[in-house]
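Please open the model below and keep it in view while you read.

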Amino acid sequence: MQRGIIKLAVIGNPNVGKTSLFNQLTGLNQKVGNYLGVTVDKKIGYFYYENVSYKIIDLPGTYSIYPSSEDEEVVSELLNNMDDLDHPDKIMVVADSSNLKKSLLLFRQVQDLGFPVLFILNMLDEAKKKGISINIEKLKKFLVTEIVLINARKGIGLEKVKKEIKNLDKKTKKFDFFNPGLRYFNAINDVKNSYKVTTYKAWYYLAYNGKFLKEKEDLNNIKKKHNIVSKRLQIKETLNRYEEIGKVFSETVSEFVSDKEKNYLEFSKKIDNNLIVHPFWGYFIFFLFFYFFYFSVCFFLVRNSQRIYRIFFSFIQKKLETIYPGPLNNFLLQGIFPGISTIISFIPQIFILLFFLLLMEESGYISRVIFLMDRIMRPFGLNGKSVVPLISSIACAIPAIMSARHIENPRDRLITILATPFMTCSARLPVYTLIISLIIPNDRWYFIQLRGIALMAMYLLGILSAFSVSMILHKFLKKNYQSHLIMEIPTYKFPIFRNIFITLWINLKSFILNAGKMILLINILIWVLGTFGPSENFSSKNSSILKYMQKKELSHSYLGIIGKQIEPVIHPLGYDWKIGIGLLSSLVAREVFVSTMASVYKIEEKGNFLKEKMKKEVFPITKKPIYNLATGISLLFFYAFSMQCMSTLSIIKKETKSWKWPIIQFVFMTLLAYIASFLTYQILK
Amino acid sequence: MNLSNLKKGEKGIIKGYKNEDFPIKLLELGILPGVEFEILFVSIFYDPLCISYNQSCLALRRKEAENIIIEPIQCKEE
C-alpha cells in the first residue's frame, strides 16, 4: 500500500496554525511517535481524496531549514534524507497572513531545495481585521506557486487545499531564487561534483555543516580548502533573502492599522504589563494558577475519578470471580485484570493534567510563563523553557521529558531531563497516600489536615531535589554551548478545544499502547513470580496451581524467595521482605508498589482493608509494628528519590541518544534513595 | 548604543550587530538593520526583554540584547 500513498509534509513557523490544518485534514486518523519506539518523532496522519491516499507529517515549527534545536533538526533531517520512509513528495508551507515575512523566508528555502510546494495563507480574515491586505494574484506571480487561502480554526478552504495538493505538479521549478554569488562559486562546484546535488543543496551542505550526511569527509575537505565558515553563509543567505522578501512584500502587502485593532493591541498590552508579566502580579498569578489547578482542581478530579473507576472494577471483579472459578480465571483476575486497571487508573490523571497544559499552551500563556521564569531558572543551569517539563512531570515524567525537546541548548536540555524525574509524578501519589495514611493520624488543626501537610511536604521535597540536582549538574557539566532564549511571544488566542482533544487522544492512545504494554507485562510477570515457587518445596507433585496461590505459600514463591534474599540489604532501612517484594516489583513503575502490597497481603481492593492489615504487621523477632513512623518516612524518602520507572529510563535513553545518562541516573537515584532512607530510619528509629 | 540600554516603552531602530557571535535565529526572525522596535515589557533584572517589531513580539535575553546595536527614536511626548 505504501507505494500508492502520496507523502506530504506540513511546514511553517511556530503558531501559524499548522497543527490546526493538520487536525482538520486528518481528524482522529493520526498517530504520534511512541515513547518506547525510537524511529518516529513526528505526528503522522492520513486522509483520502479522489482515489488517492495521502500521508501527512506534521513537523515542529521552524523559522528556517537551518535548525536551532533538536526539535527542528527533525525537519532538516526529513527534507534531506531521501531514504527516510517519510521523505515528502510534496510540501505545504503554512503562513500567518498577518505576519508574512518570516514565512516567506522558510517558503523560499523549501522551494530552493526543489520540492513542489503549496503556499497556504492562514487567518486571512484576521489579517484583514488588522488592516493588512494582500494582493494574492501578484504574490502568486512573485512566488511562482499556487496559493490557497484557508481558515484552519473554522475549517474553511480545506477542499481547496486537497484539490491544489492533487494538482500540484511533481516536476520541480527550473531556477534557484537564491544566488550564492561568485565568492563561493568554486566551493559549490566541488560539493556539486562530489555529492551530485543541485547548486542550492551544495550551498546548504556548506552552510549547515552537512550534519545529515553520512560521509562528511569530502565536505570537510572542501570547506577547509576554500576557507568556508558555515555561519557566514547562513548570515549571507538570510540577509539576501530578506532583501528579496522586502521587495516582494512592499509590492503585494499594504498595511493600515485600524483604530479597533490599535485598541485591542493596547488592551492586551495593558493586561500583559499590569498583570500577566508584571514583576510582582505576574508571579503571583502564576503561582495562584498552579496552586489552584494542580492542587485543587486536578487532585479533586483525579481522586474522584479514581474512586469511581475503583468501584466499577471491584464490581466487575466480583462478577467475574463467580464465573468458572479455576486456574485460568485466577490468571485473568490476578495477573491481567490488575494490570488493566492500573493502566486505566492513569488515564484520568494524564488526561486532566495534559488538558490544562495544552490549554495554557494554546492560549499563549505558557510563553509568558517562560518569559517570567527564565531569569529565575538560570542560576540552576535551567532556562525558562525548563518550566514546562518540570511542571508537566507533576503528571508524568515521560511526556515531560519529551517536551524538553523545545530547549535549544543541549546542556540546558540535558540538565532539565535529568532533574525532571525528581518532581513528584502522579505514580508516586498512590504510594505516598498509602504510606501517609499508615503513619500520620487523621487529625486536623482547625482547617489544616495533617495528612494534607505531609503530602504537600513530599511535593516540596520533589521540587527542592529537582532544583538541587540541576544546580549540582550545572556545576559539574562542561559548558560547551552558549545558552540563549529567543522566543516569539504569541498574542492571546481563544483555545480551540478540538485541537486540545485530538492531541490528548493521541497521547493517551500512545500511552495505553506503549507504557500500558509494559505495565501489563510486568503485572503478569509479578503474578507468575508471586504464584509459583521451586517445586521441591512441595511434597505433592499433583497439587493444582491453586494450592501455590494460598496466602501462606507466598513466602515460598520466587518473589518471596528473592524478597527474603535481599532482606539483609533493606533491613537497615527498616523494611521487611514483604516491602522488599514491593520495592522489587515497583522497579518497573512506582505505583505497582500498592498493588503488589495488596497481593502480598491478598486483599481485594475494597475499603481500607489493606491499610488495616499493614498496620497490624509486626517484625517477627521484636514484635514491633513494621509500619511505624521511622519506616514510613524512610519509605516515603525512598520513593521520592529512587528511579523506579522503566519507562522514564527508556525515554531518557531515547532523548539523550545514549545509555550513559539513563545508567548514571538509575545508579545515582537508587544510591541517593538508599542513603536518604538509611539516614532517616537510623535517626528516627 | 545597544538594545539593552533602552528602557521599557522606548523605541529604536536596529543598526546591526556588535560581532558575529550571535544566534542566526535573530536574523531569521527579522531582527535586521533598519527594523523599528519598541521595548514592550521586561522581566525582573531587565532580563529577558520583550520587544515588538513588525507586528511580532520577541523575547530575548540581555546578553543577546547587548549585542544588537541600535539608534533610539525620541518619543513625541518628550
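1. Ground rules. This is a predicted model: local features need pLDDT of at least 70, side-chain atom pairs count only at pLDDT 80 or more, and totals for chains, interfaces and linings use all residues. Residues are numbered from 1 along each chain as its sequence is written, chains are lettered from A and ligands numbered from 1 in the order in which they are written, and side-chain values use heavy atoms, with hydrogens and water left out.

2. Extent of the interface. Chain A puts 42 residues in contact with 35 residues of chain B. Contact here means heavy atoms within 4.5 Å. The size of an interface is often given as the accessible area lost when the parts come together. Between chain A and chain B, the buried area is about 3,500 Å². Carbon and sulfur atoms give 57% of that area. Buried area is the accessible area (1.4 Å probe) that two parts lose on being put together, summed over both.

3. How many salt bridges link chain A and chain B? The count is six. A salt bridge needs a side-chain nitrogen of Lys or Arg within 4 Å of a carboxyl oxygen of Asp or Glu. Lys269(A) forms one with Glu38(B); their closest N and O atoms are 3.2 Å apart.

4. Who supplies the chain A side. Elements giving at least two residues each are α3 (100-112), α10 (230-252), α11 (259-276), α14 (365-377) and β12 (486-488) of chain A. Helices (H or I, at least four residues) and strands (E, at least two) are DSSP runs, numbered from the N terminus. The largest share, seven residues, comes from α10(A). By class, this side has 17 nonpolar, eleven polar and 14 charged residues. Ala, Val, Leu, Ile, Met, Phe, Trp, Tyr, Cys and Pro count as nonpolar, Asp, Glu, Lys and Arg as charged, and the others, Gly among them, as polar.

5. β12(A) and β4(B) (residues 56-60) run antiparallel, joined by three bridges. Two strands pair if DSSP finds at least two bridges between them. Met487(A) has Ala59(B) as its bridge partner. Glu488(A) stands opposite Leu58(B).

6. More on β4(B). Buried or exposed: how do its residues count? Five of the five are buried, so β4(B) is largely enclosed by the rest of the structure. Buried means under 20% relative accessible area, exposed over 50%, partly exposed in between (1.4 Å probe, protein chains only). Ser56(B), Leu58(B) and Leu60(B) point one way, Cys57(B) and Ala59(B) the other. β4(B) also pairs with β3(B) (residues 49-53), antiparallel, over five bridges.

7. One residue to check. Ser650(A) lies in helix α28(A) (residues 646-656). Ser650(A) counts as partly exposed because its relative accessibility is 26%.
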